[in-house]
Amino acid sequence: MAFGDYPAEYNPKVHGPYDPARFYGKADVPFGQVKLGELGSWFGRRNKTPNAMAGAISRAWWRWQHKYVFPKRAGIAPFFQLTVASMTFFYVINYTKLKHHRNYKYH
């Protein structure tokens, strides 16, 4: 699959119009239904290539947009979610600098 191509598993005659938020690969047991003893084999069946991870992130982004951004009467929730996510991200990347500015009561 090259950049901008449809997934190899996508068949327009079977699946209909392409939806970027849908996984067209072979269906597996959802994570919530995996038993503790089967967890290792479930993780072993995951595709861990960079393309697969990028596809998973892309599907999550499209699902988030379909749920919060694209509805006709979308509220202010996506703006707050992006704000909190960016604040958390910048706090994590700047933590090494911020930890030197702590105020302690006793030295």
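**Note on the predicted model**

1. The protein has five helices and zero strands. This is a predicted model. In sequence order the elements run α-α-α-α-α. The radius of gyration is 20 Å, well over the 13 Å that the globule rule gives for 107 residues, so the protein is more spread out than a compact globule.

2. Along the principal axes, the C-alpha atoms fill a box of roughly 70 × 45 × 30 Å. Buried residues make up 8% of the 107. Among contacts with a separation of 6 or more, 26% join residues 24 or more positions apart.

3. The accessible surface is about 9,700 Å², and carbon and sulfur atoms account for 63% of that area. On charge, there are 16 positive and 5 negative side chains, with the centres of the two sets 13 Å apart.

4. Aromatic pairs number 13. One of them is Tyr-6 with Tyr-10: the ring centres lie 5.1 Å apart and the planes meet at 55°, so the pair counts as tilted. Tyr-6 is exposed, at 51% relative accessible area, whereas Tyr-10 is buried, at 13%. Ring pairs also join Tyr-6, Tyr-10, Tyr-18 and Tyr-24 into a cluster.

5. Phe-31 and Trp-42 form another tilted aromatic pair, 5.3 Å centre to centre with 50° between the planes. Phe-31 sits in the loop between α1 (12-15) and α2 (39-44), and Trp-42 in helix α2, so the pair links parts of the chain eleven residues apart. Phe-31 is exposed, with a relative accessible area of 51%; Trp-42 is buried, with 9%.

Conventions. Residues numbered from 1 in each chain as written. Predicted model: local features only at pLDDT ≥ 70, side-chain atom pairs only at ≥ 80, totals over all residues. Heavy atoms only, no water. Helix = DSSP H or I, 4+ residues; strand = E, 2+ residues; numbered from the N terminus. Rg over C-alpha atoms; globule rule 2.2 N^0.38 Å. Buried < 20%, exposed > 50% of the residue type's maximum accessible area, 1.4 Å probe, protein only. Contact = heavy atoms within 4.5 Å. Areas by Shrake-Rupley, 256 points an atom, 1.4 Å probe, with all protein chains shown as cover. Lys, Arg positive; Asp, Glu negative; His and termini not counted. Charge placed at Lys NZ, Arg CZ, Asp CG, Glu CD. Phe/Tyr/Trp six-rings, centres within 6.5 Å; stacked < 30°, edge-to-face > 60°.
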